Amino acid sequence: MYFYNLSPIEDINTDWLRRHLRLVLEEVNHGVRYAILRRGRPVAGLVPVSEARALFEATRADRKYRDIQQDMNRRDEDRLRQAVADAGPAEQRYYRERYGRV
C-alpha cells in the first residue's frame, strides 16, 4: 500500500535537469518529487515509481467507477422512458373511458 506524499513539489527547468539528471534520479529514488518546467511552464512531473503506480491505479479505479455509474444512469433513463411509453396507452384509455376523449 502506498501513502500519498504531501510534501511540496520542487520546480526544476529542463536545462538544470539535463545537467543534474543523476542527482535528480537519486533524489526521486528517496521520495523527492519534481515539476519539470519548460520556458517557465510545468510540462511533466517526476515522482517515485511507487507513487506513479498508486496514482495510475487510483485513476483507473475512478474511471471504472465513473463508467459503471454512467452505465447505471443510462439504464435507469431507458427504464423510465419505457415506463412512460408503456403508461401512455393505458392513460389514454383511462381518459377516453372517463372523459370520452383524449
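The legends below describe close-up views of a predicted model.

View 1. Strand E2 comprises residues 34-38 and runs parallel to E1, to which it is joined by four bridges. Within this pairing, Asn 13 has Leu 37 in E2 as its bridge partner.

View 2. When residues up to four places away in sequence are not counted, Val 24 touches Ile 12, Trp 16, Leu 17, Tyr 34 and Leu 46.

**View 3. Arg 39 in the loop between E2 and E3.** Arg 39 is placed in the loop that lies between strands E2 and E3. The phi angle of Arg 39 is near 55°, which is a positive value in a residue other than glycine. For context, most residues other than glycine have a negative phi. The relative accessible area of Arg 39 is 83%, and the residue is therefore exposed, since that class begins over 50%.

**View 4. A salt bridge between Glu 57 and Arg 60 in helix H3.** A search of the whole structure finds six salt bridges, and the one shown here is formed by Arg 60 with Glu 57, with their closest N and O atoms 3.1 Å apart. Because the two residues are three residues apart in helix H3, Arg 60 and Glu 57 are separated by about one helical turn. Arg 60 has a relative accessible area of 45% and is partly exposed, and Glu 57, at 37% relative accessibility, also counts as partly exposed.

**View 5. Ala 61 and its separation from Asp 71.** Ala 61 is found in helix H3, where its relative accessibility of 47% makes it count as partly exposed. Ala 61 and Asp 71 are ten residues apart along the chain, and a distance of 15 Å separates their C-alpha atoms.

View 6. The side chains of Asp 71 and Arg 75 meet in a salt bridge, with an N to O distance of 2.9 Å, and the two residues, both in helix H3, are four residues apart, about one turn of the helix. Asp 71 is partly exposed with a relative accessible area of 32%, and Arg 75 counts as partly exposed at 41% relative accessibility. A further salt bridge is formed by Arg 79 with Asp 76, whose closest N and O atoms lie 3.3 Å apart. Arg 79 and Asp 76 both lie in helix H3 and are three residues apart, about one turn of the helix. Arg 79, with a relative accessible area of 53%, is exposed, whereas Asp 76, with 42%, is partly exposed. Salt bridges that share partners also join Asp 71, Arg 74 and Arg 75 into one network.

**View 7. A nonpolar surface patch made by three tyrosines.** Tyr 94, Tyr 95 and Tyr 99 make a nonpolar surface patch of about 340 Å². Tyr 99 lies in helix H3, which covers residues 49-99.

How values were computed: Residues are numbered from 1 along each chain as its sequence is written. This is a predicted model: local features need pLDDT of at least 70, side-chain atom pairs count only at pLDDT 80 or more; totals for chains, interfaces and linings use all residues. Side-chain values use heavy atoms; hydrogens and water are left out. Two strands pair if DSSP finds at least two bridges between them. Patches are made of residues with over 30% relative accessible area and no salt bridge: like charges are joined within 9 Å, nonpolar side chains (Val, Leu, Ile, Met, Phe, Trp, Tyr) within 5 Å. Accessible areas come from the Shrake-Rupley method with a 1.4 Å probe; for residues, only the protein chains shown count as cover. A salt bridge is a side-chain nitrogen of Lys or Arg within 4 Å of a carboxyl oxygen of Asp or Glu. Buried means under 20% relative accessible area, exposed over 50%, partly exposed in between (1.4 Å probe, protein chains only). Contact means heavy atoms within 4.5 Å.
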